[in-house]
Amino acid sequence: MTDNSSNDPGNDASKSVVIERTFDAPIETVWAMWTEADHFAAWYGPMGARIPVATMDVTVGGQRHVCMEMDTPNGEMQMWFVGEFREVSPHGRLVYTESMGDADGNVMSAADMGMPEGTPTTTEVIVELNAVGRTTAMTMTHVGVPADSPGAQGWNMAIDKLAARLADT
């Protein structure tokens, strides 16, 4: 696996996380990690996070609803994410929106979640995969999440978990 984490999404690097990795796994397996709920739940989130709920209708217009749990010094914390799949090109490109939400799947505004002013309510995740021999090159861009944010750190940890899961397959 190679890691080429970057902060250059093309237009405004400070407002997007871009992670490039090459995995020693076939493109079909990497695609499944992003599109099959059981696989996704096994690697998504930063180290220590658990994903007790991951529902994904991976079709254009299909919905996604994910719960992330973490232990904190103040007890267990849950974060819910909701979104819609905008592009599904099997084994090539996956685009979905992501918003903070509640357990019922309702979108919560950034202000409702106590996020800083200017934080977008809805962001977009773009996953691009390319077969390179027996490996798969992946570029993941999360538009709307600053490259120097805790969210960016979480994505890097999650992709490390994805790499470890792929190594075990």
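## Basis of the description

Because the model is predicted, local features are described only where pLDDT is at least 70 and side-chain atom pairs only at pLDDT 80 or more, while totals for chains, interfaces and linings use all residues. Residues are numbered from 1 along each chain as its sequence is written, and side-chain values use heavy atoms, with hydrogens and water left out.

## Overall fold

The protein contains three helices and eight strands, where helices (H or I, at least four residues) and strands (E, at least two) are DSSP runs numbered from the N terminus. Followed along the sequence, these elements give the pattern β-β-α-α-β-β-β-β-β-β-α. The radius of gyration is 15 Å, close to the 15 Å that the globule rule gives for 169 residues, so the protein is as compact as a globular protein of that length; this radius is taken over C-alpha atoms, and the rule is 2.2 Å times the number of residues to the power 0.38.

Along the principal axes, the C-alpha atoms fill a box of roughly 45 × 35 × 35 Å. The accessible surface comes to about 8500 Å², with 49% of it belonging to carbon and sulfur atoms; such areas come from the Shrake-Rupley method with a 1.4 Å probe, and for residues only the protein chains shown count as cover. Among contacts with a separation of 6 or more, 50% are made by residues 24 or more positions apart, contact meaning heavy atoms within 4.5 Å.

## Strands that pair in sequence

Strand E4 (residues 63–72) pairs with strand E5 (residues 75–89) in the antiparallel sense over 10 bridges, where two strands count as paired if DSSP finds at least two bridges between them. Gln-63 has Glu-84 in E5 as its bridge partner, and the two strands form a hairpin with two residues between them. E5 also pairs with E6, again in the antiparallel sense, over seven bridges, and here Phe-81 stands opposite Met-100 in E6. The hairpin of E5 and E6 has three residues between the strands, and His-91 in its turn has a positive phi of about 65°.

Strand E6 (residues 93–101) in turn pairs antiparallel with strand E7 (residues 122–132) over seven bridges, with Ser-99 partnered by Thr-122 in E7. E7 is joined to strand E8 (residues 135–143) by nine bridges, and these two run antiparallel; Val-125 stands opposite His-142 in E8. Two residues lie between E7 and E8 in their hairpin, where Gly-133 in the turn has a positive phi of about 65°.

## The nonpolar core

Of the 169 residues, 40% count as buried, which is defined as under 20% relative accessible area, with exposed as over 50% and partly exposed in between (1.4 Å probe, protein chains only). The largest nonpolar core has 38 residues, and those with the most contacts inside it are Trp-34, Trp-43 and Trp-155. Helix H3 (residues 150–167) gives the most to this core, with seven residues. A nonpolar core is a set of buried Ala, Val, Leu, Ile, Met, Phe, Trp, Tyr and Cys residues joined through side-chain atoms within 4.5 Å.

Leaving aside neighbours within four places in sequence, Trp-34 is in contact with residues including Trp-43, Leu-94, Val-127, Met-140 and Trp-155.

## A buried arginine

Arg-21 lies in strand E2 (residues 16–23) and counts as buried because its relative accessibility is 2%. Its side chain is joined to that of Asp-160 by a polar contact of 2.8 Å. A polar contact is a pair of N or O atoms within 3.5 Å; within protein, one must be able to donate a hydrogen and the other to accept it, and residues adjacent in sequence count only if both atoms are side-chain atoms.
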